[in-house]
Amino acid sequence: METVTELTNQLVASYARVGGINHLDGKNLPSKRAIAAITQDLLRLLFPGYFDEKLIHSSEIKVVTAELLDSVLGALEDEIRKSLEYNPPSHLPKQNITTAAHSLTVEFLGSLPRIREILQTDMEAAYDGDPAAKSKEEVLVSYPFIEAIAVQRLAHELYLKDVALIPRIMTEWAHTRTGMDLHPGAQIGSHFFVDHCTGTVVGETAIIGDHVKMYHGVTLGAKSTAGGQQLRGKKRHPTIEDRVTIYPGATILGGETVIGAGSTIGGNVFIMNSVAPKSLVIYDGLDMRVLNKANKTAVVDFQI
Amino acid sequence: METVTELTNQLVASYARVGGINHLDGKNLPSKRAIAAITQDLLRLLFPGYFDEKLIHSSEIKVVTAELLDSVLGALEDEIRKSLEYNPPSHLPKQNITTAAHSLTVEFLGSLPRIREILQTDMEAAYDGDPAAKSKEEVLVSYPFIEAIAVQRLAHELYLKDVALIPRIMTEWAHTRTGMDLHPGAQIGSHFFVDHCTGTVVGETAIIGDHVKMYHGVTLGAKSTAGGQQLRGKKRHPTIEDRVTIYPGATILGGETVIGAGSTIGGNVFIMNSVAPKSLVIYDGLDMRVLNKANKTAVVDFQI
Amino acid sequence: METVTELTNQLVASYARVGGINHLDGKNLPSKRAIAAITQDLLRLLFPGYFDEKLIHSSEIKVVTAELLDSVLGALEDEIRKSLEYNPPSHLPKQNITTAAHSLTVEFLGSLPRIREILQTDMEAAYDGDPAAKSKEEVLVSYPFIEAIAVQRLAHELYLKDVALIPRIMTEWAHTRTGMDLHPGAQIGSHFFVDHCTGTVVGETAIIGDHVKMYHGVTLGAKSTAGGQQLRGKKRHPTIEDRVTIYPGATILGGETVIGAGSTIGGNVFIMNSVAPKSLVIYDGLDMRVLNKANKTAVVDFQI
């Protein structure tokens, strides 16, 4: 027991000395565990019958939905209140924080039908775009993409309302589960699909058009972040126009980089410049070495 | 409470309007949670003493195994029955679904000894191939590969029996935990090893020979999936022959792409063509820039 | 029931026949579940108030810390004892294993204040280096990097004390959650930061200087592991000097490869040679094809 006392004294002394990684006596931060539970309930509201363990009959759907909404409303309101107390958004009128948290939560839950409509287009893109998908049910019960994009579209709503911490905690929850890191700030069009997901990263200021298809290991990142906090708010991530396909492992950097509509970006390509519409960008390293530079046959059947 | 009623009405109206992502009044789908639990129990049956929290003595192994098998048999039979009700395999005689589910489950569990034999070769390949492995026990208790390949080999058995949804739910469970996405359809030889695992993707129609070693971030993918659902069933993913090594981040695409036996594929290489046996394919971008094209010394000690 | 008996007999026969993946009647190995719980408690000790669900007040911190330390001490001592029984470190005097386990545990827990000091520099590097970070609290509650590096620094202490299995089980726990595989053996300097984390791998004998910034999908790996177990203990992974930045998807291999101080390694680059200090290594494949070889403007604003 003496050992524990000594170890405690050393550690508590360290808490006083190295302050930056403590959070004592501060404001109560949103709870990661609570936000994980809320996010799972929001997925159940978006996809009724899929994230529940048992089948829901139409006759009971109204009661089940009302109960779940009531519970989510209460829980999310608590977390949003903590977030507002921690960091009140600049545009928030100086009204009572509790009232603001309630309004924000109700407004957010009111956006669920709209989010469902765009998720429906993502689900169609996933099924239409992947010959390995045997049915739409398979996409819904086993594709990590569905979970990742649903959580990003939820978090994006809260991001637009300047709610601190919660959107990032939500997308990190999905990142842990799917391996894909979609920042809540990214603007993503309809009919989006990322196959396999692991290692794909989409930065805060990226803009993605409609009907964009990507694979795992794709980065839409910043060119240089050596400027650090001075770059905050600046557009640092690429714009991907409509109907672009990006193969695994491609890295596309820079806030002024625009991938023109209808382009195809090959696997493992590294890009820091804009690309005209309908371009095919492909790393033919192997062709150069094995097939001779002139041979472009391999490239042809890669094109969309 | 009025707010909740209003939100509920909007959402329920959306369920009626946007139908494709609902699953109401349909057939009961296999449960992700149940399949996760079953998969963990199957791992305990494959690796007795490793996935259990306490040591199993030989004297009790028969009783412990019988109890676990009995419980897995019942649980898996339930899920397979749901799968058959959802999508009866075309070759299934129109007998009672319940009987078919029972036979399929018993047949599947009867394949466990055979699966153990091939997993034993994978475990040896992992230990022999990684100088960082201090013991076979370390491989078994801490390498994500063991879990990922065991689950793929289990799921592959069910895939061959045309069981819908369950194989993909199983491999996605492993994908979430290990970051590696091995499709249940892939045909994988003996003595397979993937180090680190994260981001490696092996597609549905890939064929992998014996003694193949891969690293994280390797893609065995489809050349173009622009054909979408029309390509279903076609061989879309590469063939990797015996004794090939593939370094991190290599992307190999196409159903007609064959990597010849004994070849080494370097890190970050992008390939859409076949490679002759005993080839070394390597991206020497840096050599071209820093060491001059002619200097190939760096390449030599890379070769197996 | 007869079916179960038959399946059991086949499986138990397989346990006797295929021995290498069993662990029956052996020594009790450290428990993965116990080590996961201990690791989470260690994170609570390192970051008081962040990994707890409710705010801790200064007045209660001493009591809370003492209770947690007492519980961790007991639990970790149990696991370390199992590890020492399984594989006694060569330098350990032949004293009672139980006493050795206790001393090792106390010594390890005594290193927590020192580990907190270096983690403080990592947290500063993460906040300073990422314009997407809105606050230090956001970094702590939502960046996977913090968890991954904290666990590696904890595991590294046990690795230096030759404790078997436990350090790898700890870093694999973090690998599963963050997608980043930092080996417990890697020597990592202060002010380290890896953004996004997924797919980044740092090998056992890698050496990383101070103020190094990396992204997801970066490999610090071994050139060839064809030598397998014969290479054990040899330096097989690169050395990264101070103030180096490594962009997503770069693969750097080899124990004699040194990336000189102040260098920048571009995305998707593949390197097996040393690079002089202040180098910029960049794959300009796209420039060569689209912008013409001579055009190096794109390269300029990439430089730090």
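**View 1. The open sheet of chain B has four strands, in the order β2-β5-β8-β11, with parallel pairing.** This is a predicted model, in which local features need pLDDT of at least 70, side-chain atom pairs count only at pLDDT 80 or more, and totals for chains, interfaces and linings use all residues. Residues are numbered from 1 along each chain as its sequence is written, while chains are lettered from A and ligands numbered from 1 in the order in which they are written. Strands here are DSSP runs of E with at least two residues, helices are runs of H or I with at least four, and both are numbered from the N terminus. Two strands pair if DSSP finds at least two bridges between them. At the edges of the sheet sit β2 (187–188) and β11 (258–259) of chain B, each with a single partner strand, so one side of each has no neighbour in the sheet. Zoom in on β8 (residues 239–240) of chain B and you'll find two bridges to β11(B), the two strands running parallel. Across from B:Thr239 is B:Val258 in β11(B).

**View 2. Helix α2 of chain C keeps its buried residues on one face.** The helix covers residues 32–46, and at 1.5 Å a residue its 15 residues should span 21 Å, which agrees with end C-alpha atoms 21 Å apart. That expected span is 1.5 Å times one less than the number of residues. Which residues of α2(C) are buried? They are C:Ile35, C:Ile38, C:Thr39, C:Leu42, C:Leu45 and C:Leu46. Buried means 20 or more other C-beta atoms within 10 Å of a residue's own (exposed is 12 or fewer, partly exposed is in between), with C-beta atoms placed from the backbone. Looking down the axis of α2(C), the buried residues fall within an arc of 115°, so they line one face of the helix; the arc is that of the directions from the helix axis to the C-beta atoms. An α-helix has 3.6 residues a turn, so residues three or four places apart point the same way. The cover over the buried residues of α2(C) includes α1 (2–17) of chain A, plus α3 (58–86), α5 (112–129), α7 (144–160) and α8 (166–178) of chain C.

**View 3. Chain A meets chain B through 61 residues of chain A and 60 residues of chain B.** Contact here means C-beta atoms, placed from the backbone, within 7 Å. On the side of chain A that touches chain B, α5(A) gives the largest share, 10 residues. By class, that side of chain A has 28 nonpolar, 19 polar and 14 charged residues. Ala, Val, Leu, Ile, Met, Phe, Trp, Tyr, Cys and Pro count as nonpolar, Asp, Glu, Lys and Arg as charged, and the others, Gly among them, as polar. Only 11% of the interface residues of chain A are also interface residues in chain B, so the copies meet through different surfaces.

How values were computed:
Two residues are in contact if their C-beta atoms, placed from the backbone, lie within 7 Å.
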